[in-house]
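I opened a notebook for this structure and wrote down what I looked up. The entries follow the order in which I went through them.

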Amino acid sequence: MYAIVEIAGQQFKVAKDQKVFVHRLAGEEGDKVSFDKVLLTADGDNVTLGAPAIDGAQVGAKITRHLRGDKVIVFKKKRRKGYRVKNGHRQSLTEIVIESVVASGAKKAAPKKETKKAAPKAEKKVEAKTAAPKKVAAPKKAEAPKKAAPKKSTKPDDLKKIEGVGPKAMEAMVNAGIDTFAKVAKSKPEKLSEILTEASSRLAHLVTDTWPQQAQLAADGKWDELKDLQDKLDGGIAK
């Protein structure tokens, strides 16, 4: 006697004491399983067909082991596309031994009854007290942004009033941060010469020995004394 039974989505022709490899089944080794989706049974010339399954027919089996099948190479390729993909696959299998083939009269496991959940208690309706509407304060008028006071532009002192300082020399000193008579007065002649030389080689010949002294008189507002001193100079150099 044999039967055709559906197991894990596949159809197998099985008989008693036959070993069958099927897709992985839930269960441990040694567990007994039964399959009631029997599509056909045959006992000699007596053949019974199901529509689609035979009512009361059942196949009993025992799980012997879980294993994995042989590796199968899956290769995909698309011509003229440079597409090649190669993957390996090993199917998870279960080995079972058929213990019995019952053509009719097998008892099906009774379905579990669903326990009815207790209906939720009706919540007491609480009437919400209507609170008095709050008065919304009128939006404040946006204050016009205050105009920032314009910054006073600090112009450098006219350093050309120093004997020997021309426009280029003044520009070099202003770029170096020495833009007032007071700053020139505090600078050493050697430092001023270095600034002029770095600015341009054409300014390296200027003599800065008397520039701090002249700048101090200009910063103090002693213009007459400055004029008397400059009368004794020639291009910033004492005559």
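**Entry: a starting residue**

In which helix does Gln216 lie? I found Gln216 in helix H4. Helices (H or I, at least four residues) and strands (E, at least two) are DSSP runs, numbered from the N terminus. Before going on I noted that this is a predicted model, in which local features need pLDDT of at least 70 and side-chain atom pairs count only at pLDDT 80 or more, while totals for chains, interfaces and linings use all residues. Residues are numbered from 1 along each chain as its sequence is written, and side-chain values use heavy atoms, with hydrogens and water left out.

Gln216 has a relative accessible area of 37% and is partly exposed. The scale I used is this: buried means under 20% relative accessible area, exposed means over 50%, and partly exposed is in between (1.4 Å probe, protein chains only). Gln216 is 32 residues from Val184 in sequence, and their C-alpha atoms are 7.8 Å apart in space.

I then listed the buried residues of H4, which spans residues 211-219. They are Trp211, Pro212, Gln214, Ala215, Leu217 and Ala218. Just after H4, Gly221 takes a positive phi of about 80°.

**Entry: the whole protein**

I counted five helices and 12 strands in the protein. Of its 239 residues, 26% are buried. Contact means heavy atoms within 4.5 Å. Among contacts between residues at least 6 apart in sequence, 58% join residues at least 24 apart.

**Entry: H1 and H3**

How do helix H1 and helix H3 pack, at what angle and how far apart are their axes? H1 (residues 167-175) and H3 (residues 189-199) pack at about 105°, and their axes are 9 Å apart. Axes are lines fitted to C-alpha atoms, for helices over the stretch in contact, and angles run from 0 to 180 degrees between N-to-C directions. H1 and H3 are therefore roughly perpendicular to each other. Here angles under 35 degrees count as roughly parallel, over 145 as roughly antiparallel, 65 to 115 as roughly perpendicular and the rest as oblique.

On the H1 side I noted Ala169, Ala172 and Met173, which meet Leu192, Ile195, Leu196 and Ala199 in H3. The residues of this contact divide into seven nonpolar, no polar and no charged.

**Entry: rings**

I searched the whole structure for aromatic pairs and found one. Phe181 and Trp223 form this pair, which is edge-to-face, with 6.2 Å centre to centre and 80° between the planes. Rings of Phe, Tyr and Trp (its six-membered ring) pair if their centres lie within 6.5 Å; planes under 30 degrees apart count as stacked, over 60 as edge-to-face and the rest as tilted. Phe181 lies in helix H2 (residues 181-186) and Trp223 in helix H5 (residues 223-231), so the pair ties together parts that are 42 residues apart in sequence. Phe181 is buried at 8% relative accessible area, whereas Trp223 is partly exposed at 39%.

I also looked for charges over rings, which requires NZ of Lys or CZ of Arg within 6 Å of the ring centre and within 35 degrees of the ring normal. The charged end of Lys13 sits over the ring of Tyr2, 4.4 Å from its centre. The charged end of Lys78 sits over the ring of Tyr83, 4.9 Å from its centre.

**Entry: backbone**

Most residues other than glycine have a negative phi, and most peptide bonds are trans. Where did I find a cis peptide bond? The bond from Ala51 to Pro52 is cis, with omega near -5°. Pro52 lies in the loop between E6 and strand E7 (58-68).

Ala8 is not a glycine, yet has a positive phi of about 55°. Its place is the loop between strand E1 (2-7) and strand E2 (10-15), and Ala8 is partly exposed at 43%. Arg80 has a positive phi near 60°. Arg80 lies in the loop between strand E8 (72-78) and strand E9 (83-89) and is exposed at 74% relative accessibility.

How values were computed:
Ala, Val, Leu, Ile, Met, Phe, Trp, Tyr, Cys and Pro count as nonpolar, Asp, Glu, Lys and Arg as charged, and the others, Gly among them, as polar.
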